Amino acid sequence: MDVNIHGRNVGITDRFESYVGAKTEKVAGLLPKARSFEVRVSRLSDRSPQHGDRVEVTIHGPGPIIRAESAAADKYSAFDIAYGRVLERIRRVKDRRKVHRGSGRVSLGEAAANDFQSVDLTPAPLEVIEAVATGAVPVVGDGNAGEEAYSPVVIRSKEFPAEHLSIEDAVDQMELVGHDFFLFIEHGSQKPSVVYRRKGWNYGVIHLVDDGD
């Protein structure tokens, strides 16, 4: 596994390279087919509320990309936190696969094929999805907080290539990047879908359908 370290506005010393190299042995044991372990270190700007360094760790496949980042007072501390998050995500995915392979367990793919009748997962109705998208869902606030000052809402837009995945693979990718949800095209039905994390080992999935179909 190749180890690549890049610095932006911060020096990368031989000591830091050796420190990172020693840590990658555990990753190589957990992911023997991983091709590269990339570390990007950048100095936080003076305008940032936190001073120090930011470290982003990315592991490239085969398979989905694994990524984590953190900021701390120095690059060693920031790397340790990001590295710990990477290990936790790898172990979580491995443990989840072991759990679902155990006796009496149902995989997400099997559950979806049966419309989630065997598990406590229900695809959201179209009207619920539309209510969320349009902001029609009421927001419950603190009644004692009073009226807050007006603040404009900033909506940031991003575009990503659509990935055609099974529900199982989508959950794995969500776990490996550390997000609470993951957008994808469901491989079997070709429907735009999103998987999301619930409590414990439970996950949910929402499919978009077109009334004209």
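## Pairing criterion and model

Two strands are taken as paired if DSSP finds at least two bridges between them. By this criterion, strand 5 and strand 6 form a parallel pair, joined over two bridges. The structure described here is a predicted model.

## Overall composition

The protein contains five helices and eight strands. Read from the N terminus, the order of its elements is β-α-β-β-β-α-α-α-β-α-β-β-β. Of its 213 residues, 32% count as buried.

Among contacts between residues at least 6 apart in sequence, 45% join residues at least 24 apart.

Four strands make up an open sheet in the order 5-6-7-8, with mixed pairing. Its edge strands are strand 5 (164–165) and strand 8, each of which pairs on one side only. In the parallel pair of strand 5 and strand 6, histidine 164 stands opposite isoleucine 185 of strand 6.

Strand 6 (residues 181–186) is also paired with strand 7 (residues 192–197), here in the antiparallel sense and over five bridges. Within this pairing, isoleucine 185 stands opposite proline 192 in strand 7. Strand 7 in turn pairs with strand 8 (residues 203–207), in the antiparallel sense and over five bridges; the bridge partner of tyrosine 196 in strand 8 is glycine 204.

## Helix 5

Helix 5 (residues 167–177) is largely enclosed by the rest of the structure, because 10 of its 11 residues are buried. The buried positions are Ile167, Glu168, Ala170, Val171, Asp172, Gln173, Met174, Glu175, Leu176 and Val177.

In soluble globular proteins, nonpolar side chains tend to be buried together. The largest nonpolar core of this model comprises 24 residues, and those with the most contacts inside it are Phe37, Val39, Val55, Val57, Ile59, Phe79 and Val86. Two or more residues are given to this core by each of helix 1, strand 2 (36–43), strand 3 (53–60), strand 4 (66–72) and helix 2 (75–101). Helix 2 provides the largest share, nine residues. Apart from this core lies another, of 10 residues, among them Met174, Phe182, Val195 and Tyr203. Of these, Met174 is also one of the buried residues of helix 5.

Valine 55 illustrates the surroundings of a residue in the largest core. When neighbours within four places in sequence are left aside, valine 55 is in contact with Val39, Arg40, Val41, Ala68, Glu69, Ser70, Lys75, Ala78, Phe79 and Ala82.

## Threonine 24 in helix 1

Threonine 24 is part of helix 1 (residues 14–30). Its relative accessibility is 6%, so threonine 24 counts as buried, the cut-off being under 20%. With neighbours within four places in sequence left aside, threonine 24 is in contact with Met1, Val3 and Phe37. Phe37 is also listed among the residues with the most contacts inside the largest nonpolar core.

Methods. Residues numbered from 1 in each chain as written. Predicted model: local features only at pLDDT ≥ 70, side-chain atom pairs only at ≥ 80, totals over all residues. Heavy atoms only, no water. Buried < 20%, exposed > 50% of the residue type's maximum accessible area, 1.4 Å probe, protein only. Contact = heavy atoms within 4.5 Å. Core = buried A, V, L, I, M, F, W, Y, C linked by side-chain atoms within 4.5 Å.
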